[in-house]
Amino acid sequence: MGLLKNIVFQYPGGLWSDELEMDVSGGLLFRKGDILERGGKHWQIDSIEWELSDEESKGIPTLRISLVNARVN
């Protein structure tokens, strides 16, 4: 079992709201350059950043994933 974490997906240009997802199993792994499908579109991970936990997150660390439009054939 991995690390329990909140995951925030950030979309480019503010066209879509950030999405919050919780990884309760700790099994979700991400790398810069990975391609994800969310909302019927393909996105590429541009950057990944860890945030320390605060009162609002109830001690659960947050992984912020910035996405860009993916060029998929």
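What follows is a short chat about the salt bridges in this predicted model.

Colleague: Ground rules before we start?
Modeller: This is a predicted model, so local features need pLDDT of at least 70, side-chain atom pairs count only at pLDDT 80 or more, and totals for chains, interfaces and linings use all residues. Residues are numbered from 1 along each chain as its sequence is written, and side-chain values use heavy atoms, with hydrogens and water left out.

Colleague: How many salt bridges are there?
Modeller: Five. A salt bridge here is a side-chain nitrogen of Lys or Arg within 4 Å of a carboxyl oxygen of Asp or Glu.

Colleague: What does Glu-19 pair with?
Modeller: Arg-38, at 3.2 Å from N to O. The pair links distant parts of the chain, 19 residues apart: Glu-19 is in strand 2 (residues 19-23) and Arg-38 in strand 3 (residues 35-38). Strands are DSSP runs of E, at least two residues, numbered from the N terminus.

Colleague: Is Arg-38 buried or exposed?
Modeller: Buried, at 18% relative accessibility. Glu-19 is partly exposed, at 32%. Buried means under 20% relative accessible area, exposed over 50%, partly exposed in between (1.4 Å probe, protein chains only).

Colleague: New topic. Which residue does Arg-64 meet?
Modeller: Glu-51, with N to O at 2.4 Å. Arg-64 sits in strand 5 (residues 62-69) and Glu-51 in strand 4 (residues 41-51), 13 residues apart. Arg-64 is partly exposed at 22%. Glu-51 is partly exposed too, at 29%.

Colleague: Which residues join into one network?
Modeller: Glu-19, Glu-21 and Arg-38, through salt bridges that share partners.

Colleague: And what about Arg-31?
Modeller: Arg-31 forms a salt bridge with Asp-34, closest N and O atoms 3.6 Å apart. Arg-31 is exposed, at 60%.

Methods:
Helices (H or I, at least four residues) and strands (E, at least two) are DSSP runs, numbered from the N terminus.
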